[in-house]
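Morning, everyone. Please look at the fold on the screen while I walk through it.

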Amino acid sequence: MKEAAELDREAPAIEVRDLHKSFGTLEVLAGIDFTVARGEVVCVIGPSGSGKSTLLRCVNLLEEPTSGTVLVAGAEVTDPDVDIDQVRRGIGMVFQSFNLFPHLTALQNLTLPQRRVLKRDKAEATRIARDRLARVGLTDKESSYPAQLSGGQQQRVAIARALAMDPQLMLFDEPTSALDPELVGDVLAVMRSLADEGMTMLVVTHEMSFAKEVADRVVFMDGGVIVEEGAPEQVIGAPGHARTQSFLSRLLDPRGGVGEHVLPVGLR
């Protein structure tokens, strides 16, 4: 198995072929095929329970597919003989629940994985950690513990931690869903800057404004399948499938309690 740094840089960032995932008798993914190109930002949208997060977790084998094939930068992660730890070194993952170590400061949360996984010395790990904290606008919070940070700040630390590992690919699993509405903007701003810098990103999100403004492609899932995909102005602005239209119309229903920050720009 090749090191993450030696993964095939000519291959697509992600290739998913006929992916199925079941939990007992419940089939959550029912045959998914899609590709993410290098430097592409793909947003996956759809109702709760549609299989979006399961798809994302199958990409880095946090969930083991029932059948099908997943390749990351040419490495088949569904191969039983793959060294998945090596592949994961090239993948940054950001969860909705932050997953920070509560007993470590923001700086320590960034230096620990660098030292343990990448074997960087303390000085280099600290230098990189401070650079990444600056990148997400948290230079003044390096000595703060997670409990001393707002939810938005914690999520930005989590993004900085992933970036400190120098990933080729970033996976975001509804990174703003646990945040109060007023804290969402700063996290999305960091994600926009990563997209502007050419980072490959696969983002599961309910933030339709972000998807419309930033994504190169939007994938709408429902019932464990891809119902519709294409440019954001097509899928969000002028959806062609009735299921997509129904999903977007529910977001616009004020009785549904959906905040203004998630509404499609072109549909407000």
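Predicted model: local features only at pLDDT ≥ 70, side-chain atom pairs only at ≥ 80, totals over all residues.

**Sheets and a helix pair**

Five bridges link strand β1 (residues 14–23) to strand β4 (residues 67–72), and the two run antiparallel. Strands here are DSSP E runs of at least two residues, helices are H or I runs of at least four, both numbered from the N terminus. Two strands pair if DSSP finds at least two bridges between them.

Residues are numbered from 1 along each chain as its sequence is written, and side-chain values use heavy atoms, with hydrogens and water left out.

Back to the sheet. It is open, with four strands in the order β2-β1-β4-β5 and antiparallel pairing. Its edge strands, β2 (26–36) and β5 (75–76), each pair on one side only.

Next, another open sheet. Six strands, order β6-β7-β8-β3-β9-β10, mixed pairing. Which strands stand at the edges? β6 (91–94) and β10 (225–230) do; each has a single partner strand, so one side of each is left without a neighbour in the sheet. Five bridges join β9 (residues 217–222) to β10, running antiparallel. There, Asp 222 stands opposite Val 225 in β10.

Last, the helices. Which residues of α3 meet α4? Leu 107, Leu 110, Thr 111, Gln 114 and Arg 115 do. Their partners in α4 include Ala 125, Ile 128 and Leu 133. Contact means heavy atoms within 4.5 Å.
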